[in-house]
Amino acid sequence: METLSLLGMLAAGWLWLDSFRAREAGIRAVRAACDADQLQLLDDTVALASLRPARDDEGRLRLRRVYRFEYSDTGDNRRNGQITLLGSELLLLHLPRVPGSALRLVASEGEPERRQFPRLPS
């Protein structure tokens, strides 16, 4: 019984640490996108909307997280955005109704350009 409790606590600790890393990656990506489009990230944070298991391109089981956030294009309004991560990898960043976006198409080597993401600072 003690072993099961210890394993449960270790699993909960791993989930908390992994979620913290993914959230930080999401915040960095959203900040970079808002900076690229000259938008203001409101509350300077993202909020978890969905968490579920999913498989990556290599077939490994990862956690797919969807975060919601609010941004402003004029400073007087609030708009809703969404970011999707698979593990800590950015899958989708959605900033609705932003005309003339400064986001660039990004693709891995040998992969056709198919995703629109900002280049993240190193």
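**View 1. D56, E58, R60 and R62 are linked in a network of salt bridges.** A salt bridge here is a side-chain nitrogen of Lys or Arg within 4 Å of a carboxyl oxygen of Asp or Glu. The model is predicted: local features need pLDDT of at least 70, side-chain atom pairs count only at pLDDT 80 or more, and totals for chains, interfaces and linings use all residues. Residues are numbered from 1 along each chain as its sequence is written, and side-chain values use heavy atoms, with hydrogens and water left out. Side chains of opposite charge can pair when their charged atoms come close. Across the whole structure, a search finds nine salt bridges.

**View 2. D56 and R62 join through their side chains in a salt bridge.** The N to O distance is 3.3 Å. D56 counts as buried, at 10% relative accessibility. R62 counts as partly exposed, at 27%. Buried means under 20% relative accessible area, exposed over 50%, and partly exposed in between (1.4 Å probe, protein chains only).

**View 3. E58 and R60 form a salt bridge at 3.1 Å, N to O.** E58 is exposed, with 61% relative accessible area. R60 is partly exposed, at 44% relative accessibility.

**View 4. β1 and β2 form a hairpin.** Strand β1 spans residues 40–55 and strand β2 spans residues 61–72. The two pair in the antiparallel sense over eleven bridges. Strands pair if DSSP finds at least two bridges between them. Strands (E, at least two residues) and helices (H or I, at least four) are DSSP runs, numbered from the N terminus. R52 stands opposite R64 in β2. Five residues lie between the strands. In the turn, G59 has a positive phi of about 85 degrees.

**View 5. R79 and D73 meet side chain to side chain in a salt bridge.** Their N to O distance is 3.0 Å. R79 is partly exposed, at 22% relative accessibility. D73 is partly exposed too, at 32%.

**View 6. A nonpolar patch on the surface is formed by M1, L4, L6, L7, M9 and L10.** Together these residues have about 730 Å² of accessible area. Areas come from the Shrake-Rupley method with a 1.4 Å probe; for residues, only the protein chains shown count as cover. Patches are made of residues with over 30% relative accessible area and no salt bridge; like charges are joined within 9 Å, nonpolar side chains (Val, Leu, Ile, Met, Phe, Trp, Tyr) within 5 Å. L7 sits in helix α1, residues 2–36.
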